[in-house]
Every structure is written in C-alpha cells, then in structure tokens.
Amino acid sequence: MPPALDALLTLLGLEKIEENLFRGQSQDPGWGTVFGGQVLGQAMSAAVQTTPRERAAHSLHAYFLRPGDVSKPILYEVDRIRDGGSFNTRRVVAIQSGQAIFNMAASFHKAEDGFEHQDPMPEVPPPEQVPTEQERILQVKDRVPPALLERFTMPRAFELRPIDRIDDPFHPSPVPPHRSVWLKTTGPVPDDLALHEALLAYASDHAFIGTALLPHGVTFFGGEIQLASLDHVMWFHAPFRIDEWLLHVMDSPRARGGRGLVRGSVFTRDGRLVASTAQEGMIRKRRKDAK
C-alpha cells in the first residue's frame with residue numbers, strides 16, 4: 001500500500017477512549033489548518049463505530065465551526081440520537097481545546113428495495129486520457145513558487161485527474177462555474193463500505209468550494225481571497241469502491257454576499273450515480289487595509 005494512503009487509513013481509524021468518545025490525530029496538509037475532508041472522514045468513522053454494521057450511511061449534514069489546529073488531536077463525541085427499525089441517526093461534535101470546531105448529523109439505513117431512477121453521467125474523456133493534477137501543475141511549474149510546488153507534487157492518498165484545464169493557477173481566465181474530476185485512491189482499500197464512504201467524504205472536499213471562484217478569474221493562491229468551507233452535505237445512493245475510478249461533477253449555481261454554493265454528483269466509471277454532494281463556503285476579497 002502506498003505510504004500516503006496507509007497514513008490516511010490510519011488517520012481515519014480513530015482511538016476509542018470511552019463509550020461514544022473517540023480521538024483522532026491531525027494531519028498537516030501544508031496550509032496551516034486541518035483539511036475539512038479529514039474532519040468529515042473522521043466524524044464518519046466515529047459515527048460508524050456506534051452503528052450496526054449492516055446499516056450503511058445514506059446522508060450527512062455538517063458544519064465547519066472553527067479552523068482545526070494541525071498540532072493537536074481532535075475528540076469526537078457521538079450522540080446516539082435514534083435507533084429505529086430502518087434508520088439510525090447520529091450527531092457528532094468534533095472538539096479541540098474545549099471548543100467545538102465541527103458538528104455533523106448522519107443517518108444510516110438498512111438496505112431495502114424501492115423505486116429507482118437517476119440523472120445520466122455526462123460524457124467526459126476516460127481517466128487514462130486525462131493528466132493527473134500533479135502533471136498539470138508541472139506543466140506550469142515556472143509560475144508556481146517552490147514551496148507551493150512541493151505541496152502540490154508531494155505523494156498523496158488519492159489520484160486526481162481534473163477534466164477541465166486551468167490556464168494559470170494564479171491568474172486564471174474567467175470560465176463558467178463547472179468542473180469534473182476523476183478520482184480514486186492510489187492503492188486498494190479493504191472491503192468495508194463504511195470505510196469507502198468515509199474516504200469519499202474526505203476526497204469530496206478537495207477543490208470543491210473553489211468551483212465558485214471560476215467565473216471571477218481569481219484564486220486563493222494569490223492571497224487576495226479568503227476561502228473557507230461553511231457546511232458540507234452528502235447523500236450516498238448506492239455502494240461503490242473508492243479504489244476504482246469515480247467522477248465528481250461539480251457546478252456552482254450562485255454566489256452572493258460573501259458566500260458561494262457548489263453542488264456535485266459522483267458517478268462510477270460505468271455511469272451509476274452513487275453520491276450527491278453540496279457545500280456552501282465563504283468567498284471574500286481581502287480588504288487591502290486588513291492586517
């Protein structure tokens with residue numbers, strides 16, 4: 001298993017320190033605060049450990065309340081709100097230094113038959129014909145500061161292949177707020193649907209809210225934009241494997257008042273819609289007189 005993927009699986013494992021109380025370590029992605037996907041994945045892992053294993057997560061609704069400190073572990077407190085005949089509901093609060101930094105409600109559902117329909121998957125090039133994110137960055141490496149280039153090209157747990165090319169990561173041309181990314185882990189993952197869902201929650205936060213910046217020709221890399229996730233929603237529709245190619249199709253229907261909304265659909269390579277995503281984030285221009 002690639003070291004970066006092994007480290008991520010360990011990160012999502014969590015330590016049980018009391019009934020309904022778990023501790024997770026923090027990982028520094030190089031940006032000074034905990035990656036939102038890490039907290040999403042760890043919160044899912046905590047909720048799963050209190051839920052019957054025959055029931056899979058079908059939705060999560062989460063709020064990012066404060067930035068996470070990469071130098072400290074995170075406590076996850078689970079409230080077993082309801083255990084019903086078909087559904088189980090959990091509330092998870094992530095805590096650092098005595099303060100809540102994140103909360104999430106998640107619902108689990110036993111498998112059953114029902115009506116079925118779905119939106120079609122858009123036509124896109126297969127992943128083999130799309131450069132990886134690292135390869136795209138190396139194509140413009142003369143425009144990327146060395147410290148950022150090292151972060152962008154370091155080994156990762158996920159292989160990401162963006163369909164849409166950005167001409168300049170620091171001074172992009174305005175384009176419609178749509179993007180699609182092929183993604184999968186860099187190695188095999190054990191046959192545990194709950195783990196695959198937690199890993200997709202982790203990956204779904206990657207470059208998500210940045211979709212709302214595309215029409216405006218700005219980027220947070222230059223320091224003129226404040227960008228932060230405010231909430232994150234996922235619905236899991238059908239089983240999938242995170243170590244096989246998935247396509248995350250994203251669009252931003254609206255930005256206003258310092259906030260932007262992004263929504264997404266996750267398809268398997270053969271066109272099954274297996275998850276839906278949504279996120280609202282803070283997107284502000286930094287004041288020139290701000291210190």
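Good morning. The largest cavity in this structure has a volume of about 40 Å³. Please bear in mind that we are looking at a predicted model. A search of the whole structure finds one cavity of 30 Å³ or more.

Which residues line this cavity? They are Leu-160, Val-181, Leu-183, Ala-203, His-206, His-248 and Met-250. Sorted by class, five residues of the lining are nonpolar, two are polar and none is charged. Strand 8, residues 178-185, and strand 10, residues 246-256, each contribute at least two residues to the lining.

Twelve strands form an open sheet with antiparallel pairing, in the order 1-2-4-5-6-3-9-12-11-10-8-7. Strand 1 (15-18) and strand 7 (158-162) stand at the edges with a single partner strand each, so one side of each has no neighbour in the sheet. On average, and ignoring direction, neighbouring strands of this sheet are turned by 25° against each other.

As an example, Met-234 has Thr-277 in strand 12 as its bridge partner.

Finally, I come to the helices. Helix 5, residues 193-204, packs on the sheet and touches several strands, including strand 8, strand 9 and strand 10. The direction of helix 5 makes about 155° with that of strand 9. Helix 2, residues 36-48, lies across several strands, among them strand 3 (55-64), strand 4 (74-83) and strand 9. With strand 4, helix 2 makes an angle of about 45°.

Thank you for your attention.

Methods
Residues are numbered from 1 along each chain as its sequence is written. This is a predicted model: local features need pLDDT of at least 70, side-chain atom pairs count only at pLDDT 80 or more; totals for chains, interfaces and linings use all residues. Side-chain values use heavy atoms; hydrogens and water are left out. On a 1 Å grid over the protein atoms alone, a cavity is a set of points where a 1.4 Å probe fits but cannot get out, and a pocket is an open set with protein on both sides within 12 Å along at least five of seven lines; lining residues have an atom within 4 Å of a point. Grid points are joined across faces, edges and corners, and a volume is the space filled by probe spheres set on the points. Helices (H or I, at least four residues) and strands (E, at least two) are DSSP runs, numbered from the N terminus. Ala, Val, Leu, Ile, Met, Phe, Trp, Tyr, Cys and Pro count as nonpolar, Asp, Glu, Lys and Arg as charged, and the others, Gly among them, as polar. Two strands pair if DSSP finds at least two bridges between them. Axes are lines fitted to C-alpha atoms, for helices over the stretch in contact, and angles run from 0 to 180 degrees between N-to-C directions. Contact means heavy atoms within 4.5 Å.
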